[in-house]
Amino acid sequence: MYKYSAVLLLLGLVAAASAASLSAPSPDRWMLIPDGNGRLHLANLNPYNMDESVPEPHFTAATDTIFRLYTRSNRDTPQVVTLGDAGSLSGSNFNAAHPTRFIIHGWNNDGFSEVNMILKDAWMDRGDFNVFTVDWGVGAQTINYPFARARVGAVGNVVSTFINFLQSNTGITFASISIAGHSLGAHAAGNAGFFQFGRLNTVFGMDPALPLFSLDSNDRLTLNDAQYVESIHTNAGLLGFDLPLGQASFYPNGGRTQPGCGVDISGACAHGRAYEFLAESIVSGGFTSVRCGSYDEILTGNCSVQGASRPMGGEPSNFGTGTEGVFTLTTLVANMKAATVVLSVLGLVALGSAAPFESNPWALIPDGNGRLRLINVNPYDVPKGDNEVEPLFDPLADVVFRLYTRRNPVHPQVIRWNDPASVSGSNFNSAHPTRFLIHGFLEGEDASLHWSIKDHFIRVGEFNIVNVDWGAGSQTINYIAARNRVGAVGEVISRMINTIVSATGASRNNINLIGHSLGAHVAANAGKHQNGQLNTIIGLDPAGPLFSNGQADLFGANDAQYTEAIFTNAGLLGFDQPLAHANFYPNGGRSQPGCILDVAGICAHNRVNNFYAESVSSSVGFRSVRCANHAEIQAGRCTPSGANANMGGEPSNRGRGVSGVYHLTTNSNSPFAQG
């Protein structure tokens, strides 16, 4: 009925990544998606398991969509014009002699959201316009994102009907009408243009939404939805659609991340930057952009200039100028709102060029259980209130070591680095291998890897399992503070190892460390303090945010006799470059089968714990192919180069000559190993 031919069954989820078979999402399949104001919301992406505890509001686009008119005569006080009510139109300030512009918001927004106000003010500053904000908040404000996504066709249809109503009552021309839509609103704008048979002047798609859209979606924005269609991509491949959608597609700053957004892990800042760019362009006349040879050149960052430069955005638009193709441009940090870097504070290495931080720069970072946390990543604005003081963390006193063995698999014994008797009086057995498990950010005693991996070790043999609880230092709203503690926590673990060796005679050759995310770097730092003498260190998707090559506290290949890194969310939450002797990239290393539309990367980042836990006890094993180089991994191909090897496992690959980069595939559910 609408522009899309079908929303299969109850939305028809289209896989946004590979064509691999994916399992249905789990009963609590949630994803973080920002609204147009940058507020982060947990959204249910599982159409087969909607949250029945929260009634889904009934939405009828024809009656629930509100059109509010702004003109220079009522710039701050809108007039509601009701579809089908000619009196509401004739009694308003609508002027058929002025161009008409529509603004369509995205998910979890309404008619008064920031995208509407910023663009409305830009057009008011530019000249005399009839500006309508399209408020479909009744349909957009739902925790069930798939419902909102499925409504873009209906919203586009009612906008088209409203345009026909305007034309029949005022005589305006269709060529005087343009529509700007953000995120889901970009696709709604495209549908409105489609129902207008492509005769409108311009449709601007501001970072068109990606989740639950693909090139096969018949209700997405397309280049034929208006006489001129322009897409502006600011978070391409994460929250925004990655491929070109308009006659002209602009990729400011490469299109994925944006200057001034700091550590924008969830993409919320970059996603919202699209409408800020368009608003500024309306007033300033546009952002001069270079036409590149192809979209692939945008991806690689190598733009061969092809043809004349053209402005991104602008008022009037590029309609009638022959503008087409893909364009790139660079922008400045926006209005001193944020910084492109985290400056060197407490030993941080800058990630880019220096600039001030915004007053409230928050990023979404998941803990090891997949819980989403809003985190302050501004080292210049640490908490100061009585209820938000950064807790004092003394690693020598606050790191807790809990020992589990087959004699006490459930109830731990606390051992202390400065108390040899606590070790000698425990169930620690120097004849058995020792394995340290180290959690990541925002976790503590109950960290998921502490239990899942510990239980697999206990199942297969006699081990001393030491769970390292540094929750007093990792459970903080200031990610920077936690990140900067990896060295100190590693040093305390090294002290614990020294105590174990001196109190029991245990061999360092029998000690392995396994750490997840920030814990991977903690493990590596412990290994550094042990001068690389430990048997093995396993880094489970080592944390990426605020880490870069060359940092002294980064996971390193020589931190143990054998080091192994397993990458499951490389380039987003996990580090992207090889770090260890052997580097494994299951399923390409970025996303994981079974993690449906894992926008923020939480599922993939944590899947590594499941892989490693299973590898400890698996009789099948995670057989992996050695590739020629890391570039092949990134390109999605692998030239077999040398002997295959197992990922993870117990014992580790130490002494087997395993090194380089490896590729493997897994199942989407447990058991994950394919052999």
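Biologist: In which helix is S160 found?

Modeller: The model is predicted: local features need pLDDT of at least 70, side-chain atom pairs count only at pLDDT 80 or more, and totals for chains, interfaces and linings use all residues. Residues are numbered from 1 along each chain as its sequence is written, and side-chain values use heavy atoms, leaving out hydrogens and water. Helices (H or I, at least four residues) and strands (E, at least two) are DSSP runs numbered from the N terminus. The run of residues 152–170 contains S160, and this is helix α7.

Biologist: Is S160 buried or exposed?

Modeller: S160 touches A192, F195 and Q196 (heavy atoms within 4.5 Å), not counting residues up to four places away in sequence. Buried means under 20% relative accessible area, exposed over 50%, partly exposed in between (1.4 Å probe, protein chains only). At 3% relative accessibility, S160 is therefore buried.

Biologist: What is the relative accessible area of L554?

Modeller: L554 is in the loop between β21 (536–540) and β22 (562–566). Leaving aside residues up to four places away in sequence, its contacts are H521, K528, F547, S548, N549, D559, F575 and L579. L554 counts as buried because its relative accessible area is 7%.

Biologist: How far apart in space are L554 and H521, C-alpha to C-alpha?

Modeller: H521 is one of the residues that L554 touches. The two are 33 residues apart in sequence, and their C-alpha atoms are separated by 5.9 Å.

Biologist: How are α4 and α9 oriented to each other?

Modeller: Helix α4 (residues 114–126) and helix α9 (residues 268–284) have axes 8 Å apart and pack at an angle of about 10 degrees. Axes are lines fitted to C-alpha atoms, for helices over the stretch in contact, and angles run from 0 to 180 degrees between N-to-C directions. Angles under 35 degrees count as roughly parallel, over 145 as roughly antiparallel, 65 to 115 as roughly perpendicular and the rest as oblique. The orientation of α4 and α9 is therefore roughly parallel.

Biologist: Which residues of α9 does α4 meet?

Modeller: By class, this contact has 10 nonpolar, no polar and four charged residues. Nonpolar covers Ala, Val, Leu, Ile, Met, Phe, Trp, Tyr, Cys and Pro; charged covers Asp, Glu, Lys and Arg; the others, Gly among them, are polar. From α4 come E114, V115, I118, L119, A122, W123, D125 and R126, and they meet Y275, E276, L278, A279, I282 and V283.

Biologist: Which residue forms a salt bridge with D135?

Modeller: A salt bridge is a side-chain nitrogen of Lys or Arg within 4 Å of a carboxyl oxygen of Asp or Glu, and by this rule the count comes to 16. The closest N and O atoms of the D135 pair are 2.7 Å apart. D135 is in strand β6 (residues 130–135), and its partner is 67 residues away in strand β3 (residues 66–70). Both members are buried, and the partner is R68.

Biologist: Which strands does the salt bridge of R402 and D469 tie together?

Modeller: The side chains of R402 and D469 meet at 2.8 Å, N to O. Both residues are buried. They are 67 residues apart in sequence, so the pair ties together strands β16 (residues 400–405) and β19 (residues 464–469).

Biologist: Which residues are linked with R75 in a network of salt bridges?

Modeller: R75 and D121 form a salt bridge, with the closest N and O atoms 3.8 Å apart. R75 sits in the loop between β3 and β4 (79–81), and D121 is in helix α4, 46 residues apart. R75 counts as partly exposed at 27% relative accessibility, and D121 is partly exposed at 26%. The residues linked with R75 are D76, K120, D121 and D125.
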